[in-house]
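Student: I have a structure open here and would like to talk it through with you. Can we go piece by piece?

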Amino acid sequence: GKGTAAKKTAASGTKQSGKTTGKGSSKKAGKKASYVSAYQGILKDYLNGTNYFDYGGITSNMTWPEGEAPENPEFALFDFNADGVPELLVGDNWSYGSVGWMMYTFDGKAGKAVGTVTGYDPATGGFLCLDDVGWVLYNYDGTQLIETGEAWSGDTLEDVANDVVVYYPVGGDAVTLTTEAASAIAAQYQAIGTLVPVTALNQANVSAMK
């Protein structure tokens with residue numbers, strides 16, 4: 001912790017001198033094929049145990065014995081910044097609730113890990129990462145998550161007695177919030193699994209990715 005976009009359908013081509021040209025759509029198809037291939041590689045690494053789910057220190061992989069391996073591993077594609085290339089989310093919907101999602105982006109050559117997120121606010125485009133004792137807020141610029149602030153349970157006896165949370169905005173002064181006020185902020189960030197269509201992480205679904 002401490003730390004569907006609409007699909008655009010391009011014309012298949014225009015006829016010129018009896019010939020059909022589709023350069024624009026070919027480029028789009030190539031771009032799509034590239035991120036699909038990159039994301040399939042990342043997901044295959046999860047399936048074979050090379051990539052680990054790591055949420056706030058809770059670490060596991062697909063090949064661990066029953067009871068330690070992810071219960072309901074899932075993935076999703078969603079274009080958060082509307083640049084035409086979706087981000088990849090990989091998470092595990094544990095019986096006690098999804099802890100978080102690993103987020104990846106495609107830089108034109110490969111899939112890159114961006115960070116861990118648990119919630120998303122459609123109104124602001126911001127992300128939330130929850131921890132046992134607080135949360136961190138992020139903005140996403142298309143390549144990385146940029147921290148905008150974080151809040152943690154007060155660490156003084158007075159803070160504990162008054163049931164407050166201290167919010168630290170990046171570049172600003174710390175602000176003391178009641179736990180109720182802090183919870184109201186966090187509640188604006190909806191669980192990603194409720195906003196984005198998710199798919200069970202298995203070989204068949206990875207191979208069928210489009």
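Student: Which strand is E74 in?

Tutor: E74 has its place in strand β5, and since we are working from a predicted model, what I say about E74 describes that model.

Student: Okay, and is E74 buried or exposed?

Tutor: E74 counts as buried, because its relative accessibility is 16%, and the cut-off for buried is under 20%.

Student: What does E74 touch, leaving out residues up to four places away in sequence?

Tutor: With those residues set aside, E74 touches L89, V90, G91, N93 and W101, and also V198, T199, A200 and L201. Two of these names come up again in the strand pairing, where E74 stands opposite G91 in β6 and opposite A200 in β16.

Student: How many residues of β5 are buried?

Tutor: Of the 6 residues of β5, 5 are buried, so the strand is largely enclosed by the rest of the structure.

Student: What's the strand order in the open sheet?

Tutor: The open sheet has 5 strands in the order β8-β7-β6-β5-β16, and the pairing is antiparallel. The edges are taken by β8 (111–117) and β16 (199–200), each of which has a single partner strand, so one side of each is left without a neighbour in the sheet.

Student: How many bridges does β5 make with β16?

Tutor: Strand β5, which covers residues 73–78, pairs with β16 over 2 bridges in the antiparallel sense, and F75 has T199 as its bridge partner in β16. With β6, the antiparallel pairing of β5 runs over 6 bridges.

Student: Switching topic: where does G84 lie?

Tutor: G84 lies in the loop between β5 and β6 (87–92), and G84 counts as exposed because its relative accessibility is 55%, where the cut-off is over 50%.

Student: How far apart are G84 and K32 in space?

Tutor: From C-alpha to C-alpha, G84 and K32 are 9.1 Å apart in space, while in sequence they are 52 residues apart.

Student: And T50, which loop is that in?

Tutor: T50 has its place in the loop between α1 (23–47) and β3 (53–55).

Student: What pLDDT does the chain average?

Tutor: The average pLDDT of the chain is 81, and 77% of the residues score at least 70. Over residues 1–23, however, the pLDDT is below 50, although this stretch has 31 contacts in the model beyond near neighbours in sequence.

Student: Which elements have the lowest and highest mean pLDDT?

Tutor: Among the elements of the chain, the lowest mean pLDDT, 35, belongs to strand β1 (residues 14–16), and the highest, 97, belongs to helix α5 (residues 203–207). Where pLDDT is low, the predicted coordinates should not be read in detail.

Student: Last one: how many helices and strands does the chain have?

Tutor: The chain has 5 helices and 16 strands, and 38% of its 210 residues count as buried. Its accessible surface comes to about 11800 Å², with 51% of that belonging to carbon and sulfur atoms.

Notes. Residues numbered from 1 in each chain as written. Predicted model: local features only at pLDDT ≥ 70, side-chain atom pairs only at ≥ 80, totals over all residues. Heavy atoms only, no water. Pairing = 2+ DSSP bridges. Helix = DSSP H or I, 4+ residues; strand = E, 2+ residues; numbered from the N terminus. Buried < 20%, exposed > 50% of the residue type's maximum accessible area, 1.4 Å probe, protein only. Contact = heavy atoms within 4.5 Å. pLDDT = per-residue confidence, 0-100. Areas by Shrake-Rupley, 256 points an atom, 1.4 Å probe, with all protein chains shown as cover.
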